[in-house]
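Good morning, everyone, and thank you for making time for this.

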Amino acid sequence: MDAYELISRNAEELVTEAEVRELAEDPEGKRAYVGYEPSGVLHIGHMLTANKLIDLQEAGFEVVILLADVHAYLNDKGSFEEIRETAERMKEQFIAYGLDEENTEFRFGSEFQMDDDYVLDLHALELETTLNRASRAMSEIQSGESTKVSQAVYPLMQSLDIEYLDLDLAIGGMEQRKVHMLARDTLPSIGYESPTCLHTPLIAELSSGEGKMSSSKGVTISMEDSTEDIEEKVNGAFCPPTRDPDGDLENPVLQIFEYHVFPRFENVVVERPDKYGGNLEYDDYESLEDDLESGELHPADAKSALATYLDELIAPGREKLRQAE
Ligand code: IYR
């Protein structure tokens with residue numbers, strides 16, 4: 001796989017493709033980042049962007065993980081002290097998950113977001129941005145119904161982070177895209193460049209295939225899950241053999257195979273007793289999807305394989321959490 005393929009695989013959107021292609025021409029030493037509001041425990045959403053960070057490290061990028069403590073505070077996620085504590089716990093889980101320790105820089109937002117230059121630049125961005133635009137950027141991120149002033153400041157700070165961490169590429173789930181678009185439009189007005197962005201897809205809610213999987217509602221998978229929890233959740237997952245004709249429903253089992261399992265395992269074995277045709281082996285996602293659609297692969301067998309692979313991905317992080325107890 002060439003650098004561009006590795007960098008762009010499984011991305012939902014590149015902003016812009018031409019800019020990402022240019023980065024891929026000489027990725028060595030380029031810097032990419034993802035920021036997370038610290039929540040203590042890694043869940044499957046963190047793991048999806050982390051998969052992209054692992055791809056980028058393999059392509060030669062340096063990776064920065066921003067533990068966005070001030071952002072979590074602005075978004076009403078608790079006291080500053082509580083947030084700092086949960087942030088510390090996340091570092092080890094990212095490394096356990098498979099990021100290269102030598103080449104992952106962890107930064108706290110509070111290390112630089114209170115510096116004079118940053119704050120003055122923030123005020124300059126406030127002057128360039130309408131409240132309406134800032135509030136729209138937060139529609140899929142903000143907690144609570146109405147946008148507080150702190151939440152309108154949030155996307156402007158997220159925009160500035162890209163400049164202050166000296167980055168070449170900003171990564172985020174599709175829910176971050178409006179913030180990134182705001183950054184692209186407004187950073188040039190205060191003398192900075194428009195950032196290049198890559199967005200990862202969102203996975204459907206596990207039990208229904210409806211809407212998006214989130215850590216705050218519906219079924220989700222996290223590093224706190226035991227092997228049995230994972231088996232139970234995956235067994236109960238929505239997994240229709242054929243695509244929803246209206247296109248409203250997604251198949252979260254297939255999505256997890258595509259975005260979590262295949263990027264991390266060279267080939268995938270679905271174990272089956274001989275009387276049901278014996279084991280199936282896949283070296284790409286598409287052939288597994290085809291087999292599920294044709295009926296060659298039964299949803300129950302697909303789920304049981306998925307639970308095994310997910311458990312393998314989660315086990316090292318789960319172990320770190322246990323040690324920290
Ligand atoms: N908005 C993110 C958290 C975040 C991301 C980046 I990239 C930042 O520079 C700052 C905050 C979230 O929803 O978790």
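By class, the shell around the ligand has five nonpolar, four polar and two charged residues, where Ala, Val, Leu, Ile, Met, Phe, Trp, Tyr, Cys and Pro count as nonpolar, Asp, Glu, Lys and Arg as charged, and the others, Gly among them, as polar. Please keep in mind that this is a predicted model, in which local features need pLDDT of at least 70 and side-chain atom pairs count only at pLDDT 80 or more, while totals for chains, interfaces and linings use all residues. Residues are numbered from 1 along each chain as its sequence is written, and side-chain values use heavy atoms, with hydrogens and water left out.

Which residues surround the ligand? They are Tyr33, Gly35, Glu37, Leu66, Ala68, His71, Ile141, Tyr154, Gln158, Asp161 and Gln176, and a residue is counted as near if one of its heavy atoms lies within 4 Å. Both β2 (31–36) and α8 (149–164) supply at least two residues of this shell, and the largest share, three residues, comes from α8; helices here are DSSP runs (H or I, at least four residues), strands likewise (E, at least two), numbered from the N terminus.

Glutamine 158, which has its place in helix α8, puts a polar side-chain atom 2.9 Å from a nitrogen atom of the ligand. For tyrosine 154, an N or O atom in the side chain is 2.7 Å from a nitrogen atom of the ligand, whereas with glutamate 37 a polar backbone atom is 3.3 Å from a ligand oxygen atom. These are polar contacts, meaning pairs of N or O atoms within 3.5 Å. The protein covers 92% of the 390 Å² of accessible area that the ligand has on its own, as computed by the Shrake-Rupley method with a 1.4 Å probe.

Turning to the record, an unreviewed UniProt entry lists Tyr33, Tyr154, Gln158, Asp161 and Gln176 under "binding site", and annotations of this kind may be inferred rather than shown by experiment.

Finally, two details of the backbone. Most residues other than glycine have a negative phi, and most peptide bonds are trans. Asparagine 10, in the loop between α1 (3–8) and β1, has a positive phi of about 60° although it is not a glycine. The peptide bond from valine 15 to threonine 16 is cis, with omega near -5°.

Methods:
A polar contact is a pair of N or O atoms within 3.5 Å; within protein, one must be able to donate a hydrogen and the other to accept it, and residues adjacent in sequence count only if both atoms are side-chain atoms.
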